Amino acid sequence: MMKYCFRTALLCGCLLITTQAFSQIKNKWIPLFGENLSEAQYDPEGWYEANGILTATKDKVIWTTIEYENFEIDLNFKNDRGTNSGVVVYCTDTTNWIPNSVEVQIADDHYSRWADAQPFERCGAIYGHLGPHINKVVKKPGAWNHLRIRCSGQHITVVLNGKKVTNMNMALWTSGTENPDGSEIPSWLPNPLADKPTKGYIGLQGKHGSASISFKNIKIRSTDPDGFPAPVVEEKTEEVQPEEWQMNGQQGIGL
């Protein structure tokens, strides 16, 4: 009686090629969410894209499918009257993202709610921690704004409409209750920024209340000389039947 053995083949998992694979060239801009949101995690009822414009219809965040570190984000956004939104970086938990990420605030500073808010709630702020040093750089609702965010380790720089408005060194934020300037950190942000990882998912915050938000030209590039790492190739095993078992349809029958 012949002996039959199972051969175990190591197969390279055919993962979807992410934008990481196309970012090996230094300083090359690539779409943050891939082509046609192919690399985004989102609720289709909360976001829609038309004519290159991404618009939020619900208070939902649209996330990248991979984590990033050492990068620049470049985008345009358009506020509605009273908009409260943001760009979320270094997120390690997309389900409970608020205390587990860093948010660059987007707001309609021309609306009384935000015009009279604390500095760390205004447009361009690192929400809850550091306000912009220039006020009302954001344009009035209905006009497109240009936003660039550079995240290099614990250093975050925000440029709004061509002006550097915020520059943070997270290492200085060693408390979860008080900012270095003595202002109180909101209670829902209890984790010191100095302890946060500097790698995570990136997201755009959606609609709050009746005020919407729209984005376009959303792109990212690596600030590392070698670009983003190549996609991880997953190895998996698969049982392959001996050729003898595949002959004449007589699978598993010993001769």
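**Figure 1. The largest pocket has a volume of about 320 Å³.** The model is predicted, and residues are numbered from 1 along each chain as its sequence is written. Local features need pLDDT of at least 70, side-chain atom pairs count only at pLDDT 80 or more, totals for chains, interfaces and linings use all residues, and side-chain values use heavy atoms, with hydrogens and water left out. The lining of the largest pocket consists of 21 residues, and Trp97, Ile98, Glu103, Tyr127 and Gln205 are the ones nearest the pocket centre. A pocket is defined on a 1 Å grid over the protein atoms alone, as an open set of points where a 1.4 Å probe fits, with protein on both sides within 12 Å along at least five of seven lines; lining residues have an atom within 4 Å of a point. Grid points are joined across faces, edges and corners, and the volume is the space filled by probe spheres set on the points.

**Figure 2. Elements and residue classes in the lining of the largest pocket.** At least two lining residues come from each of β9 (102-107) and α1 (112-115). Strand β9 gives the most, with three residues. Helices (H or I, at least four residues) and strands (E, at least two) are DSSP runs, numbered from the N terminus. By class, the lining has 10 nonpolar, six polar and five charged residues. Here Ala, Val, Leu, Ile, Met, Phe, Trp, Tyr, Cys and Pro count as nonpolar, Asp, Glu, Lys and Arg as charged, and the others, Gly among them, as polar.

**Figure 3. Glu72, Arg150 and Arg221 are linked in a network of salt bridges.** A salt bridge is a side-chain nitrogen of Lys or Arg within 4 Å of a carboxyl oxygen of Asp or Glu. Side chains of opposite charge can pair when their charged atoms come close. Glu72 meets Arg150 at 3.3 Å, N to O. Arg150 belongs to strand β10 (residues 144-152) and Glu72 to strand β7 (residues 71-79), so this pair ties together parts that are 78 residues apart in sequence. Glu72 also forms a salt bridge with Arg221, at 2.7 Å, N to O. This second pair links distant parts of the chain, with Arg221 in strand β14 (residues 213-222) and Glu72 in strand β7, 149 residues apart. Arg221 and Glu72 are both buried, the latter at 8% relative accessibility, whereas Arg150 is partly exposed at 34%. Buried means under 20% relative accessible area, exposed over 50%, and partly exposed in between (1.4 Å probe, protein chains only).

**Figure 4. The salt bridge of Asp74 with Arg148.** The closest N and O atoms of Asp74 and Arg148 are 2.8 Å apart. Asp74 in strand β7 and Arg148 in strand β10 are 74 residues apart, and the pair links distant parts of the chain. Asp74 is buried at 4% relative accessibility, while Arg148 is partly exposed at 27%. The structure holds five salt bridges.

**Figure 5. Aromatic pairs, of which the whole structure has six.** The pair of Tyr68 and Phe71 is edge-to-face, with 6.4 Å centre to centre and 70° between the planes. Rings of Phe, Tyr and Trp (its six-membered ring) pair if their centres lie within 6.5 Å; planes under 30 degrees apart count as stacked, over 60 as edge-to-face and the rest as tilted. Both Tyr68 and Phe71 are buried. One aromatic cluster is formed by Tyr68, Phe71, Tyr90 and Phe228.

**Figure 6. Charged ends over the rings of Trp114 and Trp29.** The charged end of Arg113 sits over the ring of Trp114, 4.0 Å from the ring centre. Lys219 places its charged end over the ring of Trp29, 5.4 Å from the ring centre. A charge sits over a ring if NZ of Lys or CZ of Arg is within 6 Å of the ring centre and within 35 degrees of the ring normal.

**Figure 7. Leu37 and Tyr90, non-glycine residues with a positive phi.** Most residues other than glycine have a negative phi. Leu37 has a phi of about 60° and is placed in the loop between β2 (30-31) and β3 (40-41). Leu37 is buried, with a relative accessible area of 11%. Tyr90 has a phi of about 55° and lies in strand β8 (residues 84-91). Tyr90 is buried, with a relative accessible area of 1%.
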